[in-house]
Amino acid sequence: MNDLRSLEIMDTTLRDGEQTSGVSFNSEEKLGVAKLLLQSLKVDRIEVASARVSEGEFQAVKRITKWAEENDCLDKIEVLGFIDGTASLDWIHASGARVVNLLSKGSLKHLKGQLKKSPGQHVQDIKDAVTYASNLGIKVNLYLEDWSNGMISSRDYVWYLMDELQHENIQRFMLPDTLGILNQVQSFDFCYACRERYPKLHLDFHAHNDYDLAVANVYSSILAGMNGIHTTVNGLGERAGNAPLASVIGVINDHLSRKINVDENKINIVSKIVETFSGIRIPRNKPLVGENVFTQTCGVHADGDSKDGLYFNRLMPERFGRERKYALGKTSGKANIKKNLEELGITLEEETMKLVTQRVIELGDKKEVVTIDDLPYIVSDVLNQTMDEMPIQIKHYSLSLSKGMRPFVSINLEVNGKMYEGTSSGDGQYDAFMNAIWSIYDKLGRNRPILTDYLVRIPPGGKSDALVEAFIAWNYKGKEFKTRGLDPDQIEAAIKATLRMLNLIEQHDNVLAGQLSDNNK
Ligand SMILES: CC(C)C(=O)C(=O)O
C-alpha cells in the first residue's frame, strides 16, 4: 500500500480549528493565516469557514476569495456548507468561493436523529444540492459526517449512500471520525474497506483527537490508501481537536513514502502565528512545535551530542525551522552548560566551570528554570563570589512583610570576626533591612554611604523566571560604588548587592587608613 503517489493535505484550521472553544479569528487574521498556509507552508487546500455563520465570516471569506482569485488559487479555498435547500450554496457563491464541502450524514443514527429523513430522501437532497452547486459553478466535496460510527453501526447505509452518489459530480468523499472514536486498526480497516469498494473515488480522512489517536489514525488511513488528509495547525479543533498539522507532516515524511507539497521548514512560524491569533498556548511538549521538544535536559545527552550526534534522530530541529537547545538545571551537568557557553562565545577555566555548574544545580534544586540568558549573570556572579572571605558578613536575617504593618527586620552582622545584632522597621523590606544595618553601623561609629540608585530587573531577553538582578549605586565620601546581586528572589538579590557594597567600602576605608599610616611614618 505504501507508494509515492501524492497525498493532499487539506488544512481546516480556519473552520474546524476555529471550533475550538473560545477561538474566533477576525477577517484580517483569517486572511493572514490563509496566505501563510497556501503560499508559505504550501498545503494543498484550506477550509476557511462555515456558510451562513455571520456577516463577519462572510466578509472574511470574501477577502480570502478575492486574494485567492488574484493569486490563482481560488479552487484551493473551501467552505463548509449544509443541506439547507439553496441557502448555504447561495451564501458561498456570493462570498466568491467556488468549492463547497457539503455536510451529509454518514451514519443512520445521525440521519434519523437529526435530519429525521429516510436514506432515499437524503440521497435526493444531496443530489439536488450537487446539481444546484454545479449550476452556480461551485465544485462539491462531500463530508459523510459521523462516518466512523456509520462504519460500525450502519455500514449498509454508508454503502448505500456512496453507491448512490459515486457517479455524481462530487470531487472528493470526505470520511470523518467526527467523534474521534476510532483506533488505528479500525481506521485502517474502515478506510481500506472504502478504498477497496471505491478504487476510483478520491477519499479524504478527517480525524479527531479524543483518544489522542488522531495522528496514529491518520497514519493508518494513509496506509489504507487515502488520497487526502485533514489537519489543523497546533491540533486546534472541536473538543480535543483535530490531527495536528506538524505531527502529521513529520509522520508522513519519515514513516510513509507518500509525496506531499508542504514545506516543513515553515511549520514552526505558522504554528506560532496561529498560537498568537487563537490565544491557545502550544503545550511545551507538543511534538515538533512545543518549546521544549528540541531541548536536551540531561547532561549525558548533551555529552553524546558532542560526540558525533549520538542522541540525534531524523527529527532534526532545523527541518522545522527550530534549533536544538541544551537546558540548564539540576540534571544538566557540565556538558549542557558548556554547550550554552559555546553559543555565547564564553570559555571558562575548569575551576570556574565547576562553580558555575554548582550554581546552576543549586538553582535547579530550587525548581528554578535557568535559561541561556541567565548564564552570563551566573558566570559573573560566580566570578565575584569571594564573599566568604570578606570582613563583613550577614550571618542571619529575618524579614517580615504584613498587610497594614511596617516591614520589620532583625539581623546578625559579623564585622571583622565579631557578631552584632540590629533590628529596625522601614518603609519597605529593603529600607527596613538597611535601617537594621545602619543601627549597627551607628553603634560602631561607622559612616553610612548614601543610596543613589536601586534597580531590579530580570536579565535581558525576558525569557527566564529564574533570576532577578539588583543593581545598587551608593555614594560614599564622594566616591561612587556600584554593585549587583543575582538571585531568584529580588530582596535577596538586593541584599547580595548590598553586602558587596559594604565590603567594597570597608576595603576602601582600609586602603585609605593604610595610606594615612604610611604617610604618618
Ligand atoms: C463538520 C464535520 C465535517 C466535522 O468536522 C466532523 O465531522 O468532524
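Contact here means heavy atoms within 4.5 Å. The model is predicted. According to an unreviewed UniProt entry, the annotation "domain: Pyruvate carboxyltransferase" covers residues 7-268. Over residues 7-268 the chain is 46% helix and 17% strand, with 21 Å between the end C-alpha atoms.

**Helix H3 and its cover**

- Helix H3 spans residues 87-95, and its buried residues are Ser88, Leu89, Trp91, Ile92 and Ser95.
- These residues lie on the same side of H3, because they cover an arc of only 160° around the axis.
- In an α-helix, residues three or four places apart point the same way, because there are 3.6 residues a turn.

**Thr12**

- Thr12 sits in the loop that links strand E1 (8-11) to helix H1 (27-40).
- Thr12 counts as buried because its relative accessibility is 0%, where the cut-off for buried is under 20%.
- Beyond its neighbours within four places in sequence, Thr12 is in contact with Gly17, Glu47, His206, Thr231, Thr232 and Asn242.

**Helices H7 and H8**

- Two packed helices are described by the angle between their axes and the distance between the axes.
- For helix H7 (residues 155-165) and helix H8 (residues 184-197), the axes come within 12 Å and cross at roughly 35°.
- The crossing of H7 and H8 is right-handed.
- On the H7 side, the contact is made by Arg155, Trp159, Met162 and Asp163.
- On the H8 side, Phe190, Ala193, Cys194 and Arg197 take part.

- Three strands form an open sheet in the order E11-E12-E13, and their pairing is antiparallel.
- Strand E11 (392-399) and strand E13 (418-425) are the edge strands, each pairing on one side only.
- From one strand to the next, the twist averages 20°.
- E11 and strand E12 (residues 408-415) run antiparallel and are joined by seven bridges.
- Ser398 has Ser410 in E12 as its bridge partner.
- Helix H16 (residues 429-443) lies across E11, E12 and E13, and runs at about 135° to E13.

Key: Residues are numbered from 1 along each chain as its sequence is written. This is a predicted model: local features need pLDDT of at least 70, side-chain atom pairs count only at pLDDT 80 or more; totals for chains, interfaces and linings use all residues. Side-chain values use heavy atoms; hydrogens and water are left out. Helices (H or I, at least four residues) and strands (E, at least two) are DSSP runs, numbered from the N terminus. Buried means under 20% relative accessible area, exposed over 50%, partly exposed in between (1.4 Å probe, protein chains only). UniProt positions are given in the numbering used here, feature names are shortened, and annotations may be inferred rather than shown by experiment. Two strands pair if DSSP finds at least two bridges between them. Axes are lines fitted to C-alpha atoms, for helices over the stretch in contact, and angles run from 0 to 180 degrees between N-to-C directions. The arc is that of the directions from the helix axis to the C-beta atoms. A crossing is left-handed if the near helix is turned anticlockwise from the far one by less than a right angle, and right-handed if clockwise.
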